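Hi there,

Here is the structure I promised to pass on to you. Have a look at it first, and my notes follow below.

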Amino acid sequence: MAIPSTVFPVRQDAGNSCVMSLSYMPPIEFYQIMVKYKNVIFDIHEHFHKQFYFNRCVIYGANGALKLSVPIVKNHVRTPLENVSIFYGQNWRTIHWRSIEAAYRRSPFFEYYEDAFRDIYMGTEPVKLLDWNLKLFELINKLMGIEVNISFTESYQKVYENVSDYRTLNVPKVKSDPVVKEIKYQQVFEEKYGFIKNLSVIDLLFCEGHYAKQMLLE
């Protein structure tokens with residue numbers, strides 16, 4: 001597994017740190033919280049669940065909210081995230097990329113970022129879901145100008161002390177954190193279906209471009 005960072009267990013004196021789940025192009029709320037911390041610790045030992053954001057994201061398509069799911073090898077339910085493998089029996093990368101193109105071709109900033117995203121979707125074939133999520137996470141951070149210290153857990157812990165725990169953000173049915181202010185911006189198909197909150201952060205990136213980071217910090 002290609003993790004370009006030191007792996008260490010969460011320390012109880014970690015200071016300005018939080019523990020989160022590494023999802024597939026995470027929702028906006030994930031980023032709103034993440035940018036408030038100097039250190040982000042990804043739990044790579046929590047169990048994979050089908051209904052979580054581990055392998056799926058939601059974008060704004062021509063017919064409303066559109067879920068994109070990365071297929072995984074069977075029998076990975078309740079397997080630690082670091083061990084979950086991607087299934088390549090179908091051409092899902094092309095399907096996802098074409099869906100993203102169709103959704104955001106008309107957005108103000110798509111042309112500025114499309115080459116970088118296309119290179120990943122058309123040029124990489126990682127074995128592990130964690131590696132795929134990490135590639136896109138690093139790309140989005142680079143395009144947004146976000147710098148954060150990343151590390152990874154060494155084992156699973158149900159409860160952490162003195163470290164903010166936001167792993168529940170990975171569960172779609174969990175209500176939004178009450179301290180997070182909803183970001184409003186003009187979405188591509190908003191006139192047809194109205195504003196859809198907390199989509200994948202790429203919705204904000206393609207619609208707001210270099211303004212996205214400041215909006216996350218407000």
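A word on terms before the tour: helices (H or I, at least four residues) and strands (E, at least two) are DSSP runs, numbered from the N terminus. With that in hand, the chain reads β-α-β-β-β-α-α-α-β-β-α-α-α along the sequence, which comes to seven helices and six strands.

Please keep in mind that this is a predicted model, where local features need pLDDT of at least 70, side-chain atom pairs count only at pLDDT 80 or more, and totals for chains, interfaces and linings use all residues. Residues are numbered from 1 along each chain as its sequence is written, and side-chain values use heavy atoms, with hydrogens and water left out.

First, the chain as a whole. Of its 218 residues, 53% are buried (buried is under 20% relative accessible area, exposed over 50%, partly exposed in between, with a 1.4 Å probe and protein chains only). Taking contacts (heavy atoms within 4.5 Å) between residues at least 6 apart in sequence, 72% join residues at least 24 apart.

Next, a helix pair. The axes of α4 (residues 129–144) and α6 (residues 201–208) come within 11 Å and cross at roughly 30 degrees; axes here are lines fitted to C-alpha atoms, for helices over the stretch in contact, and angles run from 0 to 180 degrees between N-to-C directions. The two helices α4 and α6 are therefore roughly parallel to each other (angles under 35 degrees; over 145 is roughly antiparallel, 65 to 115 roughly perpendicular and the rest oblique). On the α4 side the contact is made by I140, L143 and M144, and on the α6 side by V201, I202 and L205. By class, that makes six nonpolar residues, no polar and no charged ones (Ala, Val, Leu, Ile, Met, Phe, Trp, Tyr, Cys and Pro count as nonpolar, Asp, Glu, Lys and Arg as charged, and the others, Gly among them, as polar).

Now two loops. K197 sits between α5 (190–193) and α6 and is partly exposed, at 48% relative accessibility. In sequence K197 is 168 residues from E29, yet their C-alpha atoms are 9.2 Å apart in space. T79, in the loop between β4 (64–69) and α2 (92–104), is buried at 15%. Leaving out residues up to four places away in sequence, T79 touches E46, H47, F48 and V84.

Finally, the cysteines: C57 is buried at 2% relative accessibility, and C207 is buried at 5%. The disulfide count (cysteine sulfur atoms within 2.5 Å) is zero.

Best wishes
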